[in-house]
Amino acid sequence: MQVIKSVSKLQEIRKNIQGNIGFVPTMGNLHLGHVSLIKQSLQENEVTIISIFINQTQFDKKDDFINYPVTIKDDIALLENLGVNYLFMPEYQEIYPDDYQFQIANYSQYSHVMEGKFRKNHFVGMLTIVMKLLLLIKANRAYFGEKDFQQLQLIKEMVGAFFIDTQIIACETIKDKNGLALSSRNNRLTEMQLNQAAIFPNLLRSDKNNEEVMEELKKSGFMVDYVEIYDNRRFGAVKIGNVRLIDNVSYNK
Ligand code: PAF
């Protein structure tokens, strides 16, 4: 696997790549959720490119950015093992030469509800970095998990709006043995909190209405940001201690 740190090197390499390219953008601290996206890309494309970049512009809380787990050595070993072709790993100055003076404003139905409401400017930062990466990598397919369903919808809409020639592939959420959606944030939960966290997806899937679900979650020790139904899906965001978890399930009741 070739590790690329500069935009100019990536552009040079990109010009010479033959065959279909699959792309999986990540912020590192790779887990089995990422592995399933990467495996799908490896199966469906001749060349797979992964990016690791902890994108500070999408964090609404400085602490969350500072405490984001960094496991580069393990990540590289995992990607090598999987047979990934290229890893793009830029520094902030490399990918934001404009120092974030240009941003993707967005006013879609998904922009300012739920995560858009609770994490100020999160989607502006997320869409801006994804746009930069899509323009640089010019992949045939890019893979995103359904755990971040709002993110996925906004990326699909942005790609449509700006005629970006990359197919966005939605991949099912991968869960742990208790049914909790895999996330880098789960690493910050104790064993006891991990067991407690499993209540969250179960309640989202239950027959209870949103208010009842929120009540139950609070009784079980969660702080609740929201539980909402949107487009036949039930979405939720909760906190256990200072770890924030989101999930969504299909909901046709
Ligand atoms: O889902 C993520 O890990 C991030 O939001 C992404 C898509 C890599 C952009 O920084």
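Ala, Val, Leu, Ile, Met, Phe, Trp, Tyr, Cys and Pro count here as nonpolar, Asp, Glu, Lys and Arg as charged, and the others, Gly among them, as polar. By that scheme, the shell around the ligand holds 5 nonpolar, 4 polar and no charged residues.

This is a predicted model: local features need pLDDT of at least 70, side-chain atom pairs count only at pLDDT 80 or more, and totals for chains, interfaces and linings use all residues. Residues are numbered from 1 along each chain as its sequence is written, and side-chain values use heavy atoms, with hydrogens and water left out.

**The ligand site**

The ligand is surrounded by Pro25, Thr26, Met27, Asn55, Gln58, Met126, Ile129, Val130 and Gln151 (near means that a heavy atom of the residue lies within 4 Å). The protein buries 88% of the 290 Å² that the ligand exposes when taken alone (Shrake-Rupley method, 1.4 Å probe; for residues, only the protein chains shown count as cover). Both β2 (21–26) and α7 (122–137) supply at least two shell residues. The largest share, 3 residues, comes from α7. Helices (H or I, at least four residues) and strands (E, at least two) are DSSP runs, numbered from the N terminus.

The table lists polar contacts: pairs of N or O atoms within 3.5 Å; within protein, one must be able to donate a hydrogen and the other to accept it, and residues adjacent in sequence count only if both atoms are side-chain atoms.

| Side chain | Partner | Distance |
|---|---|---|
| Asn55 | Gln58 side chain | 2.9 Å |

Asn55 sits in the loop between β3 (47–52) and α3 (62–66). Asn55 counts as buried because its relative accessibility is 0% (buried is under 20%, exposed over 50%, partly exposed in between; 1.4 Å probe, protein chains only). Beyond four places in sequence, Asn55 contacts Met27, Tyr96, Gly125, Met126 and Ile129 (contact: heavy atoms within 4.5 Å).

**The cores**

A nonpolar core is a set of buried Ala, Val, Leu, Ile, Met, Phe, Trp, Tyr and Cys residues joined through side-chain atoms within 4.5 Å. The largest has 46 residues; Phe23, Ile49, Phe88, Ile95, Val130, Ile137 and Ile155 touch the most other members. Helix α7 gives the most to this core, 11 residues. A second, separate core has 17 residues, including Phe200, Leu203, Val227 and Val249.

**A buried lysine**

Lys147 lies in the loop between β5 (141–145) and α8 (149–161). Its relative accessible area is 15%, so Lys147 is buried. Among its contacts beyond four places in sequence are Thr173, Leu182 and Asn248.
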